[in-house]
Amino acid sequence: MEVLSVLNLDDLAQAFSKMGMFPVFDVAYYIVSILYLKYEPGSVEVSRRSPVASWLCAMLYCFGSYILADIMLGSSPVDYFQYNSHILLASAVWYLLFYCPMNLFYKCVAFLPVKLVLVALKEVVRTRKIAAGVHHAHHAYHHGFFIMVIVGYVKGSGVALISNFEQLLRGVWRPETNEILNMSFPTKASLYGAILFTLQEAHWLPVSKSILILAFTLFMATSKVVMTARHSHGSPFALIESWVCHLLFGSPLGGSEEDHHHHAPAASSSPLKTKEELSEGARKRKAKKAE
């Protein structure tokens, strides 16, 4: 900690951990979340056919983690909807992304340099949500370390854990996209982050919460920006997970079984990996035909 004091990182971490998220960081979170909703196949058609269903899906993308965490902790699932400013802000973002004339707002936020900034800001919010979830669970269940991990994990994962329910609102049923079965990088990182914050909350990790928040935010923001810039859906944990799973569970080393599942059905896995690009391309082709 003496090194951190010399570098003045303690003061920086304290200031960063106390920085308010509303409205700048929250707006970025809402924009990126609803942007990913618009990338989902059929979401634009749903917004034209049933704006209410589209709005509900957008609210789940923005506040699904709060809803699920409240249910787990015995609170009302609509508790977060008492914050009118957040709901109105997310609703405004949803309207602009789906109904802005000439799709101007979408084109602005989907422009890669702008999108990279928004993605980085979203990861700041994700880290705060993980830390807040662990802290909240710690107050409710002081020695319930598994509960702390689960609540922090749920808070960080967002709508991913209830994606199948969200799909039903759009009239889609794709059980193979279950996030527990096929965990994406943000979901895995949320789990690992929840474990770290639980260890810190239990005083088993010799580092302050502010330093942990700063370090984990930097890791998440850097990873997501690089992955978004490269259009990659891989995971920085892949190599470590391969070795650990081979050691503990006897999985094939080097992810050969995983490669088999992902590369054998090329027709089904390829669209998932480039879903954003394919969806955007399909919309552009439709626009050209209309012209």
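**Exercise 1. State how confident the model is over the protein chain and find where the pLDDT is below 50.**

The protein chain averages a pLDDT (the predictor's confidence in each residue, from 0 to 100) of 86, and 84% of the residues score at least 70. Over residues 255–278 the pLDDT is below 50, yet this stretch has 18 contacts (heavy atoms within 4.5 Å) beyond near neighbours in sequence. Residues 287–291 also stay under 50, with zero contacts beyond four places in sequence.

This is a predicted model, in which local features need pLDDT of at least 70 and side-chain atom pairs count only at pLDDT 80 or more, while totals for chains, interfaces and linings use all residues. Residues are numbered from 1 along each chain as its sequence is written, and side-chain values use heavy atoms, with hydrogens and water left out.

**Exercise 2. Describe the packing of helix 5 and helix 9.**

Step 1: S65, Y66, L68, A69 and M72 of helix 5 meet I150, V151, V154 and K155 of helix 9. By class, seven of these residues are nonpolar, one is polar and one is charged.

**Exercise 3. Decide whether N164 is buried or exposed, and list its contacts.**

Step 1: N164 belongs to helix 10, residues 163–169.

Step 2: its relative accessible area is 16%, so N164 is buried (under 20%; exposed is over 50%, partly exposed in between, with a 1.4 Å probe and protein chains only).

Step 3: leaving aside neighbours within four places in sequence, N164 is in contact with W173, R174, P175, T177 and N178.

How values were computed
Helix = DSSP H or I, 4+ residues; strand = E, 2+ residues; numbered from the N terminus. Nonpolar A, V, L, I, M, F, W, Y, C, P; charged D, E, K, R; others polar.
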